[in-house]
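Biologist: I would like to learn how to read a structure. Please take me through it feature by feature.

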Amino acid sequence: DTSGPALNILIKLTSIVSLVLAPTLRTRQSAFEEDSWWIAIIVLAVTSIIAYVATTQIDATFTKNEETAEEELKQARAHAEAMRTGGAAAPVVDAEEVVVDAEAAPAPAEEAKEEAAE
């Protein structure tokens, strides 16, 4: 459903680029086939290097953010455990252990309607 507009723009951009480059490629057609094959090799090498560096940077950022989040979670659990042993807070519960029963708990809007009716 949502990819249609993105593909539409991509198709338009591709067609515009091809129309702009077509005259240049037509005049250099024989020259490109004979002596300019190395241009494709350079473009491939530069693109590969850029892709490698970008992927490495993104991976490093995600790893750093994941480590930071794990450390903050450990600190929060230690703080909650300290508060619990002191009697000031409820026990720590992992998100995986939480089960929500939508039928058992009324929605906040329903509670407000019931209070207004009383």
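Biologist: Where is confidence lowest, and where is it highest?

Modeller: pLDDT is the predictor's confidence in each residue, from 0 to 100. Where it is low, the predicted coordinates should not be read in detail. Here the mean is 77, and 64% of residues reach 70 or more. Helix α2 (residues 29-35) is lowest, at a mean of 61, and α3 is highest, at 90.

Biologist: How many helices and strands are there?

Modeller: Both are DSSP runs, numbered from the N terminus: helices are H or I, at least four residues, and strands are E, at least two. This protein has four helices and zero strands.

Biologist: Where does α1 bend?

Modeller: A bend is the angle between axes fitted to the seven residues ending at a residue and the seven starting there. In α1 the bend is about 40°, at L21. A proline, P23, follows within four residues.

Biologist: What percentage of the residues count as buried?

Modeller: Buried means under 20% relative accessible area, exposed over 50%, and partly exposed in between (1.4 Å probe, protein chains only). Of 118 residues, 1% count as buried. V46 sits in helix α3 and is partly exposed, at 44%.

Biologist: Which side chains meet in a salt bridge?

Modeller: A salt bridge is a side-chain nitrogen of Lys or Arg within 4 Å of a carboxyl oxygen of Asp or Glu. The structure holds one. E81 and R84 form it, at 2.4 Å, N to O. Both lie in helix α3 (residues 37-85), three residues apart, about one turn.

Biologist: Why does that spacing matter?

Modeller: An α-helix has 3.6 residues a turn, so residues three or four places apart point the same way.

Technical notes
Residues numbered from 1 in each chain as written. Predicted model: local features only at pLDDT ≥ 70, side-chain atom pairs only at ≥ 80, totals over all residues. Heavy atoms only, no water.
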